[in-house]
Amino acid sequence: MRKDPSDSSNLPAPTGMHFPDALPLLVLKNQVVFPISLAPLVVNEEAERLLIHDATKGDGLIVVATQRPGTEEVHRLENLFDVACLGRLVQVQYSPTGELNVVIQSLRRCYLTGLVRQSPYMVVRLRPIEEEQVPLEKLEPLAMALKLQMANLVALSPSIPDNAARILDNIPNPGHMADIIAANLDFSLEEKQRILATTNPEKRLRTLMGLVQREIELLEISTKIQAEVKNSFEKQQREYFLRQQLKAIQEELGMSETAQPEIAAYREKLEALDLPEEVRAEAFRELERLSKMNDASAEYHVSTTYLDTFLELPWNTVTKDKLNMKNAEAILDEDHFGLQKVKKRIVEYLAVRKLKPDAHGPILCFLGPPGTGKTSLGASIARALGRKYFRMSLGGMRDEAEIRGHRKTYVGALPGRIIQGLRKAGSKNPVFILDEIDKVGNDFRGDPSSALLEVLDPAQNGAFVDHYLNVPFDLSGVMFIATANNADTIPWALRDRMEIIDIASYTQEEKLQIARKYLVPRQLEEHGLTASQLRIGLPALRKIISGYTREAGVRNLNREIAHVCRGCAKKFAGRRRKPIHITVKDLKEYLGSERNFYDTARRTRLPGVVIGLAWTPVGGDILFIEAARMPGKGKLLLTGQLGDVMKESAQAALSFIRSNAGKLGIPPETFSECDLHLHFPAGAVPKDGPSAGVALLTAITSLLLGKRVKHTLAMTGEITLRGVVLPVGGVKEKVLAAIRAGIKEVILPERCGVDLEEIPKDVRDKLTVHLVKRMNEVLKIALGVEI
């Protein structure tokens, strides 16, 4: 690229010089330059190149004038507008094509008063034009109105940048703002020159406002005309014309139904299905749309995916139930030990189906601690009934679309997981497990539990509408079985639609039988061992249950048995041939030291310590309550991360003791001269509920009377201010926890006696159960105190 010596982007800066009398003149055609603006120009003429070259050697000042329209001769002043602009060259450079690119900064208006010379380029005499002074308070309202007009013009015109209105806000001088607007809008040459010649900024603003308003009106009229023309085209004629064109194009490209075997295949499959009229109409509507699409378009693949999903659903596929009740009982007994209540309910359902084949499937909810076989029980029920099986985990689900699906117009849309589950099951009446229904969440995407209300309502689920399918699907034949650990976190409306069956904790004996019949054989098979190679004795299994696990179910028990099997498998892999018989003393080698210890005797050797019984989502447990007193002013201090209900129970217990202090032999001044502190160990675990009321009252009374409570005694129950013992829940779990801890006696509310029937008799025989109505009975049993 040829480089001119004058090529520079840092030409001499302006100085405070006087206005020049004569300067070189650069003539422009079809362009007007305004002050306070940069004008990029392309110079091709040789005379103009020489002018630019000479100007750059000096201060870079030139005069820029516009040629009058309709004139030919450039070197005559009468052919030029007499109002021009004084400018300075700020950038000069050659382009790769050899053109000279120039940027001129316009400085101020001036008059052309005479010609000095004509060649090699014009030099003219000039006189400055002074801006008329107008008070700012007159100009600001006009400038504001002009800015509003420009905002409207920017909104209407696609050729004006969106940020133009914001640029005008940064120009403080109204006259300069008018010049910049005039320089950038598409006015005629005469209109622009007229604005340039106007030295009064108020008149300049008013002139410009009229021109801008004219542009706004023209754009509005143009927009209106385009809309009217567009709407005037008759819809029926347009559709007819387009359909005929589409038909001709399809026939030309071989896209008619006779040339598209997939369309014919879809039609044949749909006609073979026995569908409700509404569903059939929607399916054929979608097929009709598909037949008119180009197979290369995105919509074509969306439509084919929809039809594939539609046809894969089991609209007419139903598995026949095995109604042999004895066979069902045998299968359930083979897979699960105990759980008589659940097995009884399944057999009852089979009996109803035998008498009434069109009966709706039950909606059950298995409620119980982890590891008690709730989920696996669903698979056994499906096997017993001869039905297909599908499990859907709801834990952590927060999006309603997981249940109802997405509209197929969305990118990557899919049916909800209910419909997907039925498609995978391949049957219209499977056993459908809704696992962990108590752990469904909600957020800004919706509430899945609300969507489940329709699914789990026998009166509504016969016409369940998935958003993706957009047609009703009959779910009335599906046997829904939900599982949960905690009923309190299930919304009440959802809980009301399900038949809740409690699956309580396993007893020690039940765990032993489960380990012997199910867990040990399963682990032997999984680890490549045989019963002749490895035998785990019953005493060893009992020790694993009591010393290495503390749970309501058998999940951890299964892990510990697997741990033993892995240790033995390692020995057999090392060429051991002699069979292994695991005894109690061998457990330390495989499982380490015993983990569970109950030191109830040591912890209750002082007055003020009581053993309570607690229920948790993972089973029952014992709970120590410790009371202490110190000099003070009668305050009650509670620690151990207690909830509000438990704090209120402690306050009620103290109130009962104070109101009966005389009968208990406690001096009245005791309550005003000392503070009481009640502490629940395991402070990191949150605790709440009213069932600790009996234990709290007993602990305070034991402390104040200085009498110890037996270390083999545990208790639970809610109390009132009148000393009445109210019933509580989780009795079976609490009693089993007491037995695991070596407790010999248990105090329960009298009305909880019916709950003891759920506990096997051999387990109940290990305990002495005291059923009480009032606190005076509790204190007599625990402390030998009578009120």
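On a 1 Å grid over the protein atoms alone, a cavity is a set of points where a 1.4 Å probe fits but cannot get out, and its lining residues have an atom within 4 Å of a point. The structure searched here is a predicted model, in which local features need pLDDT of at least 70 and side-chain atom pairs count only at pLDDT 80 or more, while totals for chains, interfaces and linings use all residues. Residues are numbered from 1 along each chain as its sequence is written, and side-chain values use heavy atoms, with hydrogens and water left out.

The search of the whole structure finds four cavities of 30 Å³ or more. A volume here is the space filled by probe spheres set on the points, and grid points are joined across faces, edges and corners.

The largest cavity has a volume of about 70 Å³. Its lining consists of Y506, T507, Q508, E509, L736, I739, R740, D762, V763 and K766. At least two residues each come from α18 (508–526), α27 (731–740) and α28 (761–764), where helices (H or I, at least four residues) are DSSP runs numbered from the N terminus, as are strands (E, at least two). With three residues, α27 gives the most. By class, the lining has four nonpolar, two polar and four charged residues; Ala, Val, Leu, Ile, Met, Phe, Trp, Tyr, Cys and Pro count as nonpolar, Asp, Glu, Lys and Arg as charged, and the others, Gly among them, as polar.

The second largest cavity holds about 50 Å³ of space. G634, L654, R658, T670, F671, C674 and L676 line this cavity. Two or more of these residues are given by each of α23 (644–659), α25 (670–673) and β19 (674–679). This lining has four nonpolar, two polar and one charged residues.

Terms used: 1 Å grid on protein atoms, 1.4 Å probe; cavity = no way out; pocket = protein on both sides within 12 Å on 5 of 7 lines; lining within 4 Å.
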